[in-house]
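Q: Hi! Could you walk me through this structure, one piece at a time?

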Amino acid sequence: MKKMKYCTDSHCHTEKEPTVLPTAQTQYTCQMHPEIIQDHAGSCPKCGMALEPIMVEAVEENSELNDMTRRFWLSLVLTFPVFVLAMFGDLFSQYLPLRSLQWFQFILATPVVFWGGWSFFVRGWQSIQTWNLNMFTLIAIGVGTAWGYSVVALLFPELFPPLMQTERGLVHVYFEAAAVITTLVLLGQVLELRARSQTNSAIKTLLNLVPKRATIIDSKGHQREVTLEEVKVGDLLRIKPGEKVPVDGVVIEGQSNIDESMITGEPLMISKKVDDFLIGATLNSNGTLIMKASKVGSDTMLAQIVQMVSLAQRSRAPIQRLADTVSSYFVPAVVVSALLAFLAWWSWGPEPSLSYAIVAAVAVLIIACPCALGLATPISIMVATGRAALAGILIKDAQTLEMMEKVTTLVVDKTGTLTEGKPVVTLVKVLGDLDKAEVLKYAASLEQVSEHPLADAVVQKAKDEEIVLSEVSDFKSITGQGIEGQIDGQKISIGSERFLESKGISTSRVIDEVNGLREQGKTVVFMAIESELSAILAIEDPIKETSKNAIQTLQKEGLTVVMLSGDNEKTANAVARQLNIDKVYANVLPEDKLEVIKDLQDNGAIIAMAGDGINDAPALAKADVGIAMGTGTDVAIESAGITLIKGDLQGIVKVRRLSLATIKNIKQNLFFAFVYNVAGVPIAAGVLYPFFGVLLSPMIAATAMSFSSVSVIVNALRLKKVEI
């Protein structure tokens, strides 16, 4: 691997050029059956719907929509005269004999049925072969029956009983029904495909944020424009005012304000300076920056957001099992219903009974297509997860979104969740012979090896006072208690009161002062040299401005809020009082967090847990809904079902409201689909005929079937505008 040199006006360095990985092959899946995945386009073997690419592209050619649109318009041109001739055939009888009219209908209707509707027959046949009966099974049988009956009636009218024949020996045909049904189903497919394409609008919006080009600074310090695909990890890029950040990286020169609203959902500008992290696709406002690319291509935050949203949109919500169960029995039941309707009309219907029987059977088959039932849940999930992403909320799967509506208790970690996660040292009290600078040197030298959230505060305090740190040996960390190591030949111990007491080091002489600091909500860290208490450090982590409002809102909506903290009771209770939190667990070790979650669940609570640290990961995984702060660790984010990119509890309020709206929307869709099918089948079978003389035309049934699917999608699209 060759090395490359990069220079700016004030920086030069050399590092390895990364290997460029090949682009993954596009895979395709089904909206209604996400378990179906294949490496080429086609139709779903279960429901017959066209497969869609797993990763949505910003500019996406919808070949199925184009094909269906072309078939619809040509079919409409051919169907219109067939429909007119069928409706007003008597008016043309003086110009054309009835048999010629029938042949004319046959010539025009046949290409509509077998060219315009060919994909319906292919999918219908596949569904029978695999025994995954679906809407195309019913359409193929219904249209095929109407067309086949009409062909036999046209070519062999003598096969039919005399009562079905006219004075001229002809039998009534239904070419217009076959053609009109095919055309109307094509219209429904076109409208549905257009509406479905809008469900991915959130992903396309995110993808369109990515700039197409970047300004790279080469090894000689020269600038040139390159495509985004040419940018590699380690490249230096210049971002001018008004330009978008091309990839993820770190500022190495300059200062500016960045608009991150497209990622976090929040409109406030964020000040960026040297060593600050930049997110690709965010907008540079007023200054020139030079950044070093750290993540490119599919590794950028935006790419990962798009991938997570895509995965969530293809996941299945538990509520969908009801629709799946009903659909698995529904199609065979419809076929049986159509056969029963046919036999009933043929046996007891008025003459010509066979014609009435065919009309009723075809109407039942067409109106009962369960497409709306299958779309009811996945369409709502797709729109909702996209809506959440635009608000800075990533939802891992549909089950998480559904479960959020049922949550009764929110458990929150204190540090980094309720608080800023940016603690500062407010007091250094020396108890021995050392001076303040020596205490900070020892404390910061040891803490720089630690991963504890409070460690950064001590290290930063030493940096602010320009203290040179020392090497540490024999470092040990006791999770949730403290750390120790050798510095300059002395054993240094830093940690909680309990940690030092376990080593036989008394803290009683400062306990009154410590309790006073804790009453103010400050965390106190003890430091000992060898076996003697040498200093205490008070650390304060400011509470996030939005935490109080978010907790109050959730409590008004009926949730109980519980806080977990590794701090002692006085410090934890001081924070809880400020936020009016219902219940507090203090002195909680990482392994204790999991037990708290289990105990609450055993008492019947449905738990959402919010946290940001590595030690929160087991509890996040155990909770019914895990919520990770986007400002936290990768482990916490991987363990959670929901990630709040901005790291703001107000996001929990938003995602809960979205969950409530989504489940309500799904129930509306399922209700409409169930009621439509349950009511439509008996009406199509002719149950109203004995009372009102009403027999549903197959053409009207086809219209109703097509628009029922569209109505479900339109209802789901309302989630794009829901207030959260």
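This is a predicted model: local features need pLDDT of at least 70, side-chain atom pairs count only at pLDDT 80 or more; totals for chains, interfaces and linings use all residues.

Q: At what angle do α19 and α24 pack?

A: They pack at an angle of about 30°, and their axes are 8 Å apart. Angles under 35 degrees count as roughly parallel, so α19 and α24 are roughly parallel to each other.

Q: What else does α24 lie across?

A: Helix α24, residues 650–685, lies across the strands β15, β16, β25, β26 and β27. Relative to β15, the helix runs at about 50°.

Q: Okay, on to the sheet. How many strands form it, and in what order?

A: Seven strands form an open sheet, and the order is β15-β27-β26-β25-β16-β23-β24. The pairing is mixed. From one strand to the next, the twist averages 20°.

Q: Which strands stand at the edges?

A: Those are β15 (393–395) and β24 (583–585). Each has a single partner strand, so one side of each is left without a neighbour in the sheet.

Q: And what holds strands together in general?

A: Strands of a sheet pair through backbone hydrogen bonds, in either a parallel or an antiparallel way.

Q: How does β24 pair with β23?

A: In the parallel sense, over three bridges, with β23 covering residues 560–564. Within this pair, Val562 stands opposite Lys583 in β24.

Q: Now β26. How many of its residues are buried?

A: Five of the five residues of β26 are buried, so this strand is largely enclosed by the rest of the structure.

Q: Which residues are on which side of β26?

A: Val625, Ile627 and Met629 are on one side, while Gly626 and Ala628 are on the other. Both faces are covered, since every one of these residues is buried. As background, side chains in a regular strand alternate between the two faces of the sheet.

Q: How does β26 pair with β25 and β27?

A: β25 and β26 run parallel and are joined by four bridges. Met609 has Gly626 in β26 as its bridge partner. β26 and β27 also pair in the parallel sense, over three bridges, and Ile627 stands opposite Ile642 in β27.

Q: Switching topic: how many salt bridges are there?

A: A search of the whole structure finds 17 salt bridges. One of them is between the side chains of Asp413 and Lys593, with N to O at 3.0 Å. Asp413 is in strand β16 and Lys593 is in helix α21, so to speak two distant parts of the chain, 180 residues apart.

Q: Are Asp413 and Lys593 buried or exposed?

A: Both are buried.

Q: What does Arg577 pair with?

A: Arg577 forms a salt bridge with Glu519, and the closest N and O atoms are 3.5 Å apart. Arg577 lies in helix α20 and Glu519 in helix α18, so the pair ties together parts that are 58 residues apart in sequence.

Q: How accessible are Arg577 and Glu519?

A: Arg577 is exposed, with a relative accessible area of 54%. Glu519 is partly exposed, at 43%.

Q: Which residue forms a salt bridge with Arg656?

A: That is Glu557, with the closest N and O atoms 3.6 Å apart. Glu557 sits in the loop between α19 and β23, Arg656 is in helix α24, and the two are 99 residues apart. Glu557 is partly exposed, with a relative accessible area of 30%, whereas Arg656 counts as buried at 7% relative accessibility. Elsewhere, salt bridges that share partners join Asp67, Arg70 and Arg71 into one network.

Q: Last one: where is Ala574 found?

A: Ala574 is in helix α20, residues 569–579. Ala574 is buried, with a relative accessible area of 4%.

Q: Which residues does Ala574 touch?

A: Leaving out residues up to four places away in sequence, Ala574 touches Arg518, Glu519, Gln520 and Gly521. Gly521 is 53 residues away from Ala574 in sequence, but their C-alpha atoms are 4.9 Å apart in space.

Conventions. Residues are numbered from 1 along each chain as its sequence is written. Side-chain values use heavy atoms; hydrogens and water are left out. Buried means under 20% relative accessible area, exposed over 50%, partly exposed in between (1.4 Å probe, protein chains only). Contact means heavy atoms within 4.5 Å. Two strands pair if DSSP finds at least two bridges between them. Axes are lines fitted to C-alpha atoms, for helices over the stretch in contact, and angles run from 0 to 180 degrees between N-to-C directions. A salt bridge is a side-chain nitrogen of Lys or Arg within 4 Å of a carboxyl oxygen of Asp or Glu. Angles under 35 degrees count as roughly parallel, over 145 as roughly antiparallel, 65 to 115 as roughly perpendicular and the rest as oblique.
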